[in-house]
Amino acid sequence: MSGAVIVDLIVLAGGRGRRLDGAVKPAVEVAGRTLLSRVLDARTLVRHVVIVGPETAHLAAGDTPAGSTPAVWALEDPPFGGPVAGIAAGLTALTATDLPDWVLVLACDLPWAADATRTLLPHLTDPTLPASVQGLYLTDTDGHAQWLTAAYRLDALTAAMSRLGARAHGASMRELLGSLVLRGIHDDTNAATDVDTWQDVLESTARLTGATDSTRSTIE
């Protein structure tokens, strides 16, 4: 984390895991580690971390590394309110700390979250980045915006959330971000690849372990 820019992290670890047969998504293992623990590899690149998720996800976070500040846990009320409600809960938790310049927002299903963070962070300190740009997000190889692999200026994100007010519960990310000036960053390393299904678990495990097509058949 640059000394000139303070970045805090909100990890969204809620959801019902419907496409994973109702599994606790943060606790799903990819290549021998939980998804949440992999996302938290990014904690060394930021200052404070807030994890928004239920108590059933706590063990999936693993131990706090030596020298790291323990994460703060939060949960939207009522639960399962979607990503926007989760971000709102995370922002509320951040008000208990010295406020950052930028908020990094990551879903809990990103095995390469640390790599994605390393792609985003240099852009936050780029002196040519216009002050009018209020958020940066990764785009996948098809050009799709990954709004939950992104960094947002705290003041802009807080203002957008205030405009939603009580409508944050169940709101879409498009509703939250529609008024913001955003810039996409091409993700040519596929670091924003997420895990939504058991097939994604298999494919991500194979990619992380270097398994070939022949070895993947034994995994399946």
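Start by selecting H2 and H4: H2 passes H4 in a left-handed crossing (the near helix is turned anticlockwise from the far one by less than a right angle). Helices here are DSSP runs of H or I with at least four residues, strands are E runs of at least two, and both are numbered from the N terminus.

Now show the contact, meaning heavy atoms within 4.5 Å. H2 brings Val-84, Ile-87, Ala-88 and Leu-91, and H4 brings Leu-154, Leu-157, Thr-158, Met-161 and Leu-164. That makes eight nonpolar residues, one polar and no charged.

A word on what you're viewing: this is a predicted model, where local features need pLDDT of at least 70, side-chain atom pairs count only at pLDDT 80 or more, and totals for chains, interfaces and linings use all residues. Residues are numbered from 1 along each chain as its sequence is written, and side-chain values use heavy atoms, with hydrogens and water left out.

Next, walk back to Pro-78, in the loop between strand E5 (72-74) and H2. The peptide bond joining Asp-77 and Pro-78 is cis, with omega about 5°. Most peptide bonds are trans.

Then select Ala-31, in the loop between strand E2 (29-30) and strand E3 (33-34). Its phi is near 55°, a positive value in a residue other than glycine.

Last stop: Arg-207 and Trp-112. The charged end of Arg-207 sits over the ring of Trp-112, 3.7 Å from its centre ("over" means NZ of Lys or CZ of Arg within 6 Å of the ring centre and within 35 degrees of the ring normal).

Terms used
Ala, Val, Leu, Ile, Met, Phe, Trp, Tyr, Cys and Pro count as nonpolar, Asp, Glu, Lys and Arg as charged, and the others, Gly among them, as polar.
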